[in-house]
Amino acid sequence: MRADLTVRSLQESDGPLVLQLIGVIDAHTLDPFEEALRGAMQEGLHEIVLDCEELRYVNSAGFGELIRYHDQLKEQGGRLVLARVPTKVGVILEMLGLKSLIPVATGLEEARHLARHRPPSRTEGGPGGHGEATAGKAEVSPAARARTEPKAAPTRPDRTATPRRKTVVCAVCDARLRIEGEGEWSCASCGAPFSVTRQGGVAFDWSRAEADGVHLTFDVSPRTLAAFAGLLEGILIERRVSHARMRRFAREAAHVCHLLGEHAFEQEQPGTLHVLALAGPQRLHVRVVDRGRSLQARADRIFSTQKRLFLDFRYGSQAEGINVTEFAFAYAGSGVFVS
């Protein structure tokens, strides 16, 4: 039976447009979803809330439309906000890194407030309001953004924090970026958005990476971990990675999933993991999302070997009870993964 989608429009006289989404967004229902958003923008409505409470599923094409209309509304001075996102959809949003791009609210009132009140841009001027960061000690012009150590273009930094200059390596194109302070930025070379936390953590939005992606959901068991390792080996063989390095990365990546299943879940209940593997031009990036116990206090000890072996290994727990583990592997070079 073909899935369906119902879109109901609720417009208040002095508030943003609310579109209630009921059903699923996939290849069969993408047209009515896209038509509702396009029609609202043609009517001059640029503050839109998507009520997702009764949304059961969204496929990759649906997430692509979300990103596209978010960008179009932002360019026109508007905003797209998601409200009451179900857990299953929220996990995928987290996995794809879209929560750092598209605002998500727990209730409709909060969503309406977010749609009407947009944070100021650094390009508006004022204290700390210059539109470009520096590369090294020199000011970088727009024409020089693709050079070594280009500037990162700020999109929504926090003005209250004291700027701290830092070099970040773009996880998508490997460009070296100079940034100042926390907030939301974009790579000056490839445009990939990323965020920097107050503690110095860096998270890239992998939904825009020019990479081949594989999304898996599985319960942790010896058989599924072996299959996951085999999948990674196949990806790395295509990238012509040496046999020894390929086998070790795949084995250790599967061991990360084993450690999550061992420590984050009850022993009598298998742990369910959502895994996104993205094979880019320079590296393989893996993001693992679970809803088990938080291992934040013990992460350094549990993953001590993996933090040393992998590029940019990170573990973090979100307020919604979602835990995210990320790490990467460079196809060539040294110092990123120790063979």
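Mentor: Axes are lines fitted to C-alpha atoms, for helices over the stretch in contact, and angles run from 0 to 180 degrees between N-to-C directions. Helices (H or I, at least four residues) and strands (E, at least two) are DSSP runs, numbered from the N terminus. This is a predicted model, in which local features need pLDDT of at least 70 and side-chain atom pairs count only at pLDDT 80 or more, while totals for chains, interfaces and linings use all residues. Residues are numbered from 1 along each chain as its sequence is written, and side-chain values use heavy atoms, with hydrogens and water left out.

Trainee: At what angle do α5 and α6 cross?

Mentor: The axes of α5 (residues 222-238) and α6 (residues 243-264) cross at roughly 145° and come within 8 Å. The crossing is right-handed; this is the clockwise case, where the near helix is turned clockwise from the far one by less than a right angle.

Trainee: Which residues make the contact?

Mentor: Contact means heavy atoms within 4.5 Å. Among them are Leu225, Phe228 and Leu232 of α5, and Met246, Phe249 and Ala253 of α6. The residues of this contact divide into 12 nonpolar, 1 polar and 2 charged. Here Ala, Val, Leu, Ile, Met, Phe, Trp, Tyr, Cys and Pro count as nonpolar, Asp, Glu, Lys and Arg as charged, and the others, Gly among them, as polar.

Trainee: What about aromatic pairs?

Mentor: A search of the whole structure finds 9. Rings of Phe, Tyr and Trp (its six-membered ring) pair if their centres lie within 6.5 Å; planes under 30 degrees apart count as stacked, over 60 as edge-to-face and the rest as tilted. Phe249 and Phe329 have ring centres 4.6 Å apart and planes at 35°, so this pair is tilted. Phe249 lies in α6 and Phe329 in strand β18 (residues 323-330), so the pair ties together parts 80 residues apart in sequence.

Trainee: Now the sheet: in what order do the strands come?

Mentor: The order in this open sheet of 5 strands is β1-β2-β3-β4-β5, with mixed pairing. Two strands pair if DSSP finds at least two bridges between them. β1 (5-11) and β5 (104-105) are the edge strands, each pairing on one side only. β3 (residues 47-58) and β4 (residues 79-83) pair in the parallel sense over 5 bridges.
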